[in-house]
Amino acid sequence: MPSSVPKITIFSLPPRTLAYYDWLITGLELLKESGAIEIEYSGHWWDRLLRCHPRAMRIAHRLSPAFVDFCSPVDAICITGRFEYKDAVMNFAVDITDSPFVFATALLESVDLYFKYQCPKTFEPAGFPINKHVRAPYHPDVFTFQNKIRPGMLGRPLGHGLNLRRNLRVLRQWEALAQTPKTCSIFASFGTIDHPAPRTTRTPLPAQYNYFSEPTLLARYPGKIHHPNQKRARMVKILRNMNKPDIDARLWRTKDPTLYAPPLSETEYVRHCAISSTVVNISGLRRSIPYRLCDTLLTGGMMATDTLAIRWHEPFEPFEVREIGDMGYELDEDVNWPGITSALGEIYATTRTTPHDARARADAYERKWSPRAFARYFVSQCEQSLAAS
């Protein structure tokens, strides 16, 4: 007998990348708790073992890396599942890889919907723009099955598992921070200016589907791209030169003592996000959007970032994201540094988190970005796919 509400059965939930799915799983579990859907988890016994606890993967990897590689290959980048409602059935995949131009083509061909967390803003025949000079080609099937592709969002890792209570405990701690007074105007924190070495014949072979990895990009296009990490020192220098006490710009690993600041612990990072009106980002790893964006929206701030190549399932409001110019993999001579300096100065002079801004951001978070909102979007897309079939 068909269920009176939609039923979701998840077949694969890769333990290695479980944290990437926390946001969606938490939202779906909340919908289940309210009676809006049913959800069931399937998969091999070793999948269930490795995702039973946040530390299970670390312990298993310490005991036997080969076992973990067998059970959860590094190239296993997708949830797969089935959506059933009123005798109708459709299949879906959820792709979390930090490569906007790489798709699991067998799944893209086979499923009815393919959710892409790092979804390109547009699909141009010339390929995905790494920078002004270089484009990464799409597989031809991306255009054949483009109608199946839906954008998603990269949420904050929570409990690293399926336990709703544990995930909600972490989520509520983050959400409560949105009420923190914003005493810092601009916050920028970067780890290092180093980048991977270009691939050589002596470099260990990559995973089979790690197509256009960063070492490969650097080796294939010498002199045509500059790694995003190379922009970090310049960004910190611009902010430091503004000489404002409420600007916190730091670089953890640098030989320049004028730019260095001690690394932040996870707790310190969370607190710095909470007190900051604006958080600065430079897109990296093939121009993907990092967790930093969700962290900023979650704690009631605005992100100032280089030009985004990625879209989420809802548009960003001007009070949520401000794009300040091309950086990423651009050559240094192609970056409009005076324009970026001017944009940061304008943000400092005009952007403060007023009570009106705080309310608008809180409303946008609940309406668009919270786990429940993302799960509602996911379910609605599946329902629309069923209706169209």
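**Legends to close-up views of a predicted model**

K86 counts as exposed, at 59% relative accessibility (buried means under 20% relative accessible area, exposed over 50% and partly exposed in between, with a 1.4 Å probe and protein chains only). The model is predicted: local features need pLDDT of at least 70, side-chain atom pairs count only at pLDDT 80 or more, and totals for chains, interfaces and linings use all residues. Residues are numbered from 1 along each chain as its sequence is written, and side-chain values use heavy atoms, with hydrogens and water left out.

**View 1. The loop at K86 lies between strand 3 and strand 4.** Strand 3 covers residues 78-85 and strand 4 covers residues 88-95; helices (H or I, at least four residues) and strands (E, at least two) are DSSP runs, numbered from the N terminus. The phi of K86 is positive, about 50 degrees, although K86 is not a glycine. Most residues other than glycine have a negative phi.

**View 2. The whole protein has 14 helices and 15 strands.** The radius of gyration is 21 Å, close to the 21 Å that the globule rule gives for 389 residues, so the protein is as compact as a globular protein of that length. The radius is taken over C-alpha atoms, and the rule is 2.2 Å times the number of residues to the power 0.38. Along the principal axes, the C-alpha atoms fill a box of roughly 70 × 55 × 45 Å. Buried residues make up 52% of the 389 residues. The protein exposes about 17,700 Å², of which carbon and sulfur atoms supply 55%; accessible areas come from the Shrake-Rupley method with a 1.4 Å probe, and for residues only the protein chains shown count as cover. Among contacts (heavy atoms within 4.5 Å) between residues at least 6 apart in sequence, 68% join residues at least 24 apart. There are 48 positive and 40 negative side chains, and the centres of the two sets lie 4 Å apart. In that count Lys and Arg are positive and Asp and Glu negative, while His and the chain ends are not counted; each charge is placed at NZ of Lys, CZ of Arg, CG of Asp or CD of Glu.

**View 3. Helix 7 spans residues 164-176.** At 1.5 Å a residue, its 13 residues should span 18 Å, and the end C-alpha atoms are 18 Å apart, which agrees; the expected span is 1.5 Å times one less than the number of residues. The buried residues of helix 7 are L164, R166, N167, L168, L171, W174 and E175. Their cover includes helix 1 (22-33), helix 10 (266-274), helix 11 (291-298), helix 13 (355-369) and helix 14 (371-388).

**View 4. G161 sits in the loop between strand 9 (149-151) and helix 7.** G161 is buried, with a relative accessible area of 2%. Leaving aside neighbours within four places in sequence, G161 is in contact with L18, D22 and N167; N167 is also one of the buried residues of helix 7. Y20 is 141 residues from G161 in sequence, and the two C-alpha atoms are 9.9 Å apart.

**View 5. Helix 11 is mostly covered, with 7 of its 8 residues buried.** These are R292, L293, C294, D295, T296, L297 and L298. Helix 11 is followed by G300, which has a positive phi, near 80 degrees. In the loop between strand 1 (7-12) and helix 1, L13 counts as buried at 1% relative accessibility. The C-alpha atoms of L13 and D295, 282 residues apart along the chain, are separated by 23 Å.

**View 6. R286 and Y329 touch each other.** R286 belongs to the loop between strand 12 (276-281) and helix 11, and Y329 to the loop between strand 15 (321-323) and helix 12. R286 is buried, with a relative accessible area of 8%, and has a positive phi of about 65 degrees although it is not a glycine. Y329 is buried, with a relative accessible area of 1%. Not counting residues up to four places away in sequence, Y329 touches I130, N131, E214, I225, H226, H227, P228, K231, G284, L285, R286 and R287. The C-alpha atoms of Y329 and Y85 are separated by 45 Å, at 244 residues apart along the chain.

**View 7. A349 is part of helix 12 (residues 337-350).** A349 is exposed, with a relative accessible area of 61%. A349 and P215 are 134 residues apart in sequence and 39 Å apart in space, C-alpha to C-alpha.
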